Amino acid sequence: MARIPIAAGNWKMNGTNAEARALCRGLAGIEAIAGVDVVLSPSFTQLPLVWDFWCGTEVHIAGQNMHTQPSGAYTGEVSPVQLAEVADWVILGHSERRQFFCEDDQALALKLRAAEAHGLTPILCVGESEAERENRRTNAVLSRQVGVALGDDPAPAGLVIAYEPVWAIGTGQAATPDEAESACAHIRSVAADKLGSDVADGVRILYGGSVNAGNIADFMAQPDIDGALVGGASLKPDDFLAITRAIAAS
Ligand code: PGA
């Protein structure tokens, strides 16, 4: 099945509003690159201006997290209803949220359902830690993370899964294309067990972890890798444009 590839930029907790606006200006033309879905994920305070900036284009805007409930006494949280006013996608379960904010697989199962209920396309992040990798637990960890998050329900509409080995994030030490392909193929097989192979064939699976303009083409040459979730390099407009062009050309 032909899957449209994705170039997703995770800006994390970086930049002022002025810097976010400058980054958007620096990305001018990205909306015209054919054959790729572009997703930008600024922090909550930048979302309204980034949403307005790309309004009327094909560029998608993602939150970096959200709560499950539509409203209520959850100080400091952002609800899916609120997020859907300024975003159409959402990143869920990034390893930094799992590591620093105790997000677990059960919570992510609920967040996936909440995203679907509010029309937000989810990017579910999974990936093993360095210790898990050394203990050869990568596939077991991915099976658990994907299996529990998907539960026994049908797939959320447009489901995207990002394979992001924790040891590769922000380290400059990307997985090899073979390692990434093996993990992404495993994720697709877990999705097939849960959702059936027809649905799993349509799930887009991204690689993330020290992606840059120099290594993206080798990842895109792999059959089960449908794009990238990019952190550091997405803050440099020329780099993210080059990555997006390489993804589109794959
Ligand atoms: P990185 O981050 O590209 O800086 O390694 C990826 C991510 O955390 O999504």
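Helices here are DSSP runs of at least four residues, numbered from the N terminus. With that in hand, let us look at some close-up views of this predicted model.

**View 1. Arg-136 sits in a loop between two helices.** The helices on either side of this loop are α6 (130–134) and α7 (138–150). Arg-136 has a positive phi, near 60 degrees, and is a residue other than glycine. For comparison, most residues other than glycine have a negative phi. Arg-136 counts as exposed because its relative accessibility is 79%, and exposed means over 50%.

**View 2. Cys-102 is another residue with a positive phi that is not a glycine.** The phi of Cys-102 is about 55 degrees. You will find Cys-102 in the loop between α4 and α5 (105–117). Is Cys-102 buried or exposed? With 66% relative accessibility, Cys-102 is exposed.

**View 3. Ser-95 belongs to helix α4, which covers residues 95–100.** Ser-95 has a relative accessible area of 12%, so it counts as buried, which means under 20%. Apart from neighbours within four places in sequence, Ser-95 is in contact with Val-166 and Ile-169.

**View 4. The ligand sits in the second largest pocket.** Which of the 13 residues around the ligand come nearest? They are Lys-12, His-94, Glu-164, Gly-170 and Ser-210. A side-chain N or O atom of Lys-12 is 2.7 Å from an oxygen atom of the ligand, and for His-94 a side-chain N or O atom is 2.7 Å from a ligand oxygen. Gly-170 takes part through its backbone, with an N or O atom 2.6 Å from an oxygen atom of the ligand. The ligand alone exposes 280 Å², and the protein buries 95% of that.

Terms used: Residues are numbered from 1 along each chain as its sequence is written. This is a predicted model: local features need pLDDT of at least 70, side-chain atom pairs count only at pLDDT 80 or more; totals for chains, interfaces and linings use all residues. Side-chain values use heavy atoms; hydrogens and water are left out. Buried means under 20% relative accessible area, exposed over 50%, partly exposed in between (1.4 Å probe, protein chains only). Contact means heavy atoms within 4.5 Å. A residue is near a molecule or strand if one of its heavy atoms lies within 4 Å of it. A polar contact is a pair of N or O atoms within 3.5 Å; within protein, one must be able to donate a hydrogen and the other to accept it, and residues adjacent in sequence count only if both atoms are side-chain atoms. Accessible areas come from the Shrake-Rupley method with a 1.4 Å probe; for residues, only the protein chains shown count as cover. On a 1 Å grid over the protein atoms alone, a cavity is a set of points where a 1.4 Å probe fits but cannot get out, and a pocket is an open set with protein on both sides within 12 Å along at least five of seven lines; lining residues have an atom within 4 Å of a point. A molecule sits in a cavity or pocket if more than half of its atoms lie within 2 Å of its grid points.
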